[in-house]
Amino acid sequence: MARAVEQLEAITEPAGTLNGETPPFERIVADHGPLISRIAMSYEADPALREDLTQQIFLAVWQALPSFRADASLKTFIARIAQNRAISFVARQVRLPPTAEMPELIESDDPDPEQSAIDASERRMLLEATRRLPLPQREVIILVLEGFSYAEIADMLDIAPNALALRLSRAKAALKKMLEQAA
Amino acid sequence: MIDFDLDRLGDVWRQRPDPAELEHLKRSADAVRRRARWAQLIDIVAALVVAAVVLLLVLSNPKADTLLVGGAAILMLLGTQVRSRRLRQEELRSLTGSTEQMLDQSISRTQATLKRSRLHLLGFAPAIALGFLFAYVVDDRAAGGLRQLTSVPMARIAMVVGVALFVTAMTVYLIGTIRTTRRELERLIALREAYRGEQDSNMPE
């Protein structure tokens with residue numbers, strides 16, 4: 001049976017993998033797993049539900065990979081799937097997302113533990129503030145923090161650049177206010 | 001006072017996860033992929049087994065009625081496969097599209113689920129009653145069996161209690177599903193409105 005699964009693996013592996021367009025799934029997880037994890041974290045605070053959401057995103061990415069075309073970057077493609085899956089996941093939770101604490105994901109062998117602690121605290125505040133933003137604004141802020149260009153974000157969200165600029169300026173103002181209150 | 005520079009905050013945001021966390025992510029992704037592959041394999045094998053069994057039955061008894069039933073079973077199997085493939089493709093399209101497109105599709109799907117659940121709630125009790133009526137009226141042997149069974153007081157009580165429990169459980173389950181689906185629909189609509197509100201407020205005056 002295991003052999004059958006291996007054979008199926010060869011058949012069901014994304015077509016692009018065979019001609020070198022799309023890296024293998026393991027590589028995608030290694031490269032973009034942290035992005036998926038951060039997106040899941042910014043939408044779901046409950047650790048058990050977050051684990052569930054992360055797995056759902058991995059599954060969605062795996063299933064969608066054969067439809068990936070190189071007209072956008074793989075990172076954009078994955079971020080779009082992760083955001084959409086996270087939003088539908090949140091919508092399906094028939095309750096408000098709790099604000100339980102996130103695990104720290106800071107390098108344990110950081111040469112400067114004091115700086116590491118400051119970063120961890122800042123990151124926690126940033127994450128908590130991001131989670132409190134309304135979804136349309138949260139989506140934009142997460143993509144900016146993930147380092148996407150404004151053109152990429154406008155394309156992902158299918159909105160005009162000026163609409164993106166306005167939404168982003170509102171999101172930044174709201175985020176700034178929350179961070180200042182938290183500090 | 002926090003230094004509000006999005007580039008700097010981005011660096012804080014994108015801090016490298018520790019190796020244990022990364023390893024956990026890899027294991028998790030691998031488990032997900034393995035489960036998905038098994039599900040695909042089981043799906044294919046189950047369809048092949050059903051098709052082979054139907055084919056064997058038809059070949060071992062090539063009469064008009066077995067051909068008809070066998071043909072219908074194969075058609076149903078094909079229909080199920082096509083439908084599940086279409087659903088998967090729809091879901092993928094909604095995941096790779098914009099958020100608003102995804103929300104629109106989710107709303108349509110949830111509305112369909114709500115409609116189906118309401119229909120089941122209205123239809124399942126009459127369907128059970130109709131089933132019993134059918135058994136009594138059409139099939140003499142079954143009616144005989146049922147009459148015999150219901151002539152024993154304890155069996156009659158057990159049957160009535162069993163049916164009542166089943167109907168109650170199904171009603172509770174369906175009402176629960178309807179409530180959950182309705183809440184989910186409200187939430188999806190509110191979300192879509194929030195996105196539309198953002199778009200509208202972006203429009204120049």
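The model is predicted.

**The interface**

Chain A brings 75 residues to the contact, and chain B brings 55 residues. About 6100 Å² of area is buried between the two chains. Carbon and sulfur atoms give 63% of that area.

Polar links cross the interface too. There are 18 residue pairs in polar contact between chain A and chain B, both residues at pLDDT 80 or more. On the side of chain A that touches chain B, at least two residues each come from α1, α3 (25-43), α4, α5, α6 (113-132), α7 (135-145), α8 (150-157) and α9 (161-182). Helix α5(A) gives the most, with 10 residues. By class, this side of chain A holds 39 nonpolar, 14 polar and 22 charged residues.

**Salt bridges**

Over all chains, the whole structure has 10 salt bridges. Across the interface of chain A and chain B there are 3. Two examples from the model are tabulated here.

| Salt bridge | Closest N and O atoms |
|---|---|
| R8(B) with E122(A) | 2.4 Å |
| R27(A) with D31(A) | 3.3 Å |

R8(B) pairs with a residue of the other chain, E122(A). R27(A) pairs with D31(A), and both sit in helix α3 of chain A. They are 4 residues apart, about one turn of the helix.

**The largest pocket**

The largest pocket holds about 1000 Å³ of space. Its lining has 33 residues. Those closest to the centre are Q63(A), Q40(B), R85(B), R88(B) and L92(B).

Chain A gives two or more residues from each of α1 (2-12), α4 (47-64) and α5 (74-92). Helix α3(B) gives the most, with 11 residues. The lining divides into 15 nonpolar, 11 polar and 7 charged residues.

Methods. Residues are numbered from 1 along each chain as its sequence is written. Chains are lettered from A and ligands numbered from 1 in the order in which they are written. This is a predicted model: local features need pLDDT of at least 70, side-chain atom pairs count only at pLDDT 80 or more; totals for chains, interfaces and linings use all residues. Side-chain values use heavy atoms; hydrogens and water are left out. On a 1 Å grid over the protein atoms alone, a cavity is a set of points where a 1.4 Å probe fits but cannot get out, and a pocket is an open set with protein on both sides within 12 Å along at least five of seven lines; lining residues have an atom within 4 Å of a point. Grid points are joined across faces, edges and corners, and a volume is the space filled by probe spheres set on the points. Ala, Val, Leu, Ile, Met, Phe, Trp, Tyr, Cys and Pro count as nonpolar, Asp, Glu, Lys and Arg as charged, and the others, Gly among them, as polar. Contact means heavy atoms within 4.5 Å. Buried area is the accessible area (1.4 Å probe) that two parts lose on being put together, summed over both. A salt bridge is a side-chain nitrogen of Lys or Arg within 4 Å of a carboxyl oxygen of Asp or Glu. A polar contact is a pair of N or O atoms within 3.5 Å; within protein, one must be able to donate a hydrogen and the other to accept it, and residues adjacent in sequence count only if both atoms are side-chain atoms.
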